[in-house]
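Dear colleague,

I am handing over the structure below, and after it I set out what was found in it. Please keep it open beside this message as you read.

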Amino acid sequence: MFIDVVPNGRSAPAVLLRESYREGKRVRKRTLANLSALPPPLIDGLRVLLDGGTVVGRPEEALEIRRALPHGHVSAVLATLRRLDLVRLLDRSASRERDLALALIASRVIAPGSKLATLRALSEETATSSLGHELGLGAIREAEIYAALDWLGGQQERIERALARRHLHDGTLVLYDVSSSYLEGRCCELARQGYSRADHRPDRMQIVYGLLCDRQGRPVAVEVFEGDTADPATLGKQIDTLKRRFGLRHVVLVGDRGMITAARIREELRPAGLDWITSLRAPQIQALAEEGGPLQPSLFDERDMAEITSPAWPDERLVVCRNPDLARERTRKRDVLLAATERDLTRIAAAVRRKHKPLRGQAEIGLAAGAVIDRHKMAKHFEMTITEDSFAWRRNDASIAREARLDGLYVIRTNVPAAAMDAAAAVRAYKDLARVERAFRTLKGIDLQIRPVHHWLAPRVRAHVFLCMLAYYVEWHLREAWAPLLFHEHDAAGAEAERNSPVQAAAVSPATQRKRTTRRTEAGLPVVDYAGLMQHLATLTLNIVAVPKAPDAAFTMLAKPTPLQAAALQRVGATPAVSSSQPG
């Protein structure tokens with residue numbers, strides 16, 4: 001028997017219960033009943049029975065979802081860990097510490113938080129994702145989390161050597177920069193009262209960490225220093241890392257002008273046999289632009305880049321660049337600061353002249369004026385006359401004009417021979433430092449939350465920073481794989497073709513511009529940002545389902561992925577099928 005739906009002209013189709021039979025060599029069918037008047041759910045139930053199924057009653061009596069765990073982002077991260085072979089990179093031998101360290105890295109990518117918050121997120125009773133279930137971690141004790149972190153810190157040198165073998169080789173470019181983060185508490189031996197880079201928390205003790213990346217911005221190694229360590233003082237440790245630990249005989253180290261100074265070049269880089277790319281400071285550029293000097297603004301009447309030489313830097317190449325957009329921005333910013341300084345100095349002059357409680361005393365007036373000058377950094381552009389009962393100031397127009405001549409100019413300094421790297425390539429290499437800055441923004445932002453640091457033991461602080469670096473390593477590859485689905489640039493060759501000179505700001509490829517304008521990919525999928533895609537993937541749940549009549553027969557069922565979720569999982573090599581085994 002079967003249910004047949006027969007068209008009925010303009011009326012509703014007839015739903016008939018029929019059976020088939022054989023009459024000689026012919027197969028015929030006859031109608032047993034007209035089911036058209038029955039409710040559709042009842043008809044569907046009869047169809048299931050006729051197909052050999054079982055009717056289980058009301059839906060709430062059929063199945064119950066005991067747990068729905070966010071799973072899509074876990075699946076993507078674990079698939080990326082497999083693709084990067086990170087499990088074997090941590091340790092080829094399976095161990096409890098390795099599995100928990102892997103969970104710490106994945107959890108930092110999925111939902112960064114403190115170690116105790118991670119413990120709660122992995123525990124079965126308070127799980128906030130399917131990560132603990134997928135890794136088969138079972139019950140976790142608090143001491144195990146910290147033991148895994150300590151174990152990971154002990155593997156740092158070996159893991160960094162493996163990453164260097166993957167991404168660095170002799171003659172390669174290595175990007176290096178430093179940043180800092182603040183700690184809670186004052187008991188850590190690394191904590192110092194130092195410069196708070198980008199955190200704007202000078203009230204907290206700091207640590208400093210230096211990050212080595214390859215040309216594309218992939219992190220390879222990280223080193224933690226005391227919080228009052230100056231940028232150049234960290235360079236020697238990185239040279240030792242590149243030469244001794246990684247066994248690289250020759251690399252080109254790219255660092256900013258505050259990092260690779262003349263003293264560091266003379267005392268560390270040259271003796272180590274390393275090449276470098278950096279830039280000159282403003283006073284050095286001013287010296288080159290003096291009357292009769294090698295740097296004259298007329299060089300850039302028809303071009304934006306020129307290579308010069310100077311006796312002050314023998315055996316080195318100087319590549320001078322002029323960016324008109326940067327020139328306009330520096331002019332605008334200087335005008336704003338000059339106006340703000342004049343406004344505040346005018347108030348001080350009025351306070352000196354007023355009749356009621358005037359500001360008096362050369363020291364007091366000087367302190368007030370100095371505070372204004374320090375706040376706006378305009379001391380070189382103003383001349384002030386201070387007495388016991390008077391205050392006068394005026395702009396130093398010659399100083400302003402001298403600085404304005406060099407607006408938009410910057411000078412790349414390198415010892416790499418022109419045969420190995422032309423001027424345009426040197427400029428591109430220096431501008432690649434922006435990729436390290438992007439890494440710091442990701443580490444410090446909501447994606448990975450390296451700060452604040454709550455650990456007090458120095459080895460554990462180092463392990464925490466290393467953990468965050470490995471998490472960024474995973475996120476870097478996630479962003480690369482998902483670039484066509486995100487607002488990111490995904491056609492680097494097309495973007496470079498749109499830019500006439502490396503001095504110009506980074507261009508946007510036509511494909512990326514089209515994606516950003518239409519908010520749709522070429523396949524018609526919605527374009528999102530990285531955080532939005534992770535949140536969307538989290539709505540793909542892993543459901544633990546049971547039958548009330550057989551409560552011990554629970555099973556797992558994955559929700560059906562949306563087209564965007566399916567595309568994102570496919571791009572990292574993940575399958576929507578449920579897998580309870582560990583990656584690798």
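This is a predicted model: local features need pLDDT of at least 70, side-chain atom pairs count only at pLDDT 80 or more; totals for chains, interfaces and linings use all residues.

Residues are numbered from 1 along each chain as its sequence is written, and side-chain values use heavy atoms, with hydrogens and water left out.

Leu242 belongs to helix 10 (residues 235-245), where Leu235, Gln238, Ile239, Thr241, Leu242 and Arg245 are buried. Here buried means under 20% relative accessible area, exposed means over 50%, and partly exposed lies in between, with a 1.4 Å probe and protein chains only; helices (H or I, at least four residues) and strands (E, at least two) are DSSP runs, numbered from the N terminus. The buried residues of helix 10 pack against helix 9, strand 5, strand 6, strand 7, strand 8 and helix 11, and the helix is followed by Gly247, whose phi is positive, near 70°.

In soluble globular proteins, nonpolar side chains tend to be buried together.

Next come two helices that pack against each other: helix 5 (residues 96-110) and helix 6 (residues 115-122) have axes 11 Å apart, at an angle of about 100°. The axes are lines fitted to C-alpha atoms over the stretch in contact, and the angles run from 0 to 180 degrees between N-to-C directions. Helix 5 is therefore roughly perpendicular to helix 6, a description used for angles of 65 to 115 degrees, with those under 35 being roughly parallel, those over 145 roughly antiparallel and the rest oblique. Ala103, Leu104, Ser107 and Arg108 of helix 5 meet Lys115, Thr118 and Leu122 of helix 6.

Finally, there are 43 salt bridges, each being a side-chain nitrogen of Lys or Arg within 4 Å of a carboxyl oxygen of Asp or Glu. In one of them Arg47 meets Asp44 at 3.0 Å, N to O, and these two, being 3 residues apart in helix 1 (residues 40-50), are separated by about one helical turn. Asp344 and Arg347 also form a salt bridge, with their closest N and O atoms 3.0 Å apart; Asp344 is buried at 10% relative accessibility, whereas Arg347 is exposed at 53%. A further salt bridge joins Arg428 and Glu496, whose closest N and O atoms are 3.3 Å apart. This pair links distant parts of the chain, since Arg428 lies in helix 16 (residues 423-431) and Glu496 in helix 19 (residues 492-497), 68 residues apart. Glu184, Arg201, Asp203 and Arg204, lastly, are linked in a network of salt bridges.

How values were computed. Contact means heavy atoms within 4.5 Å.
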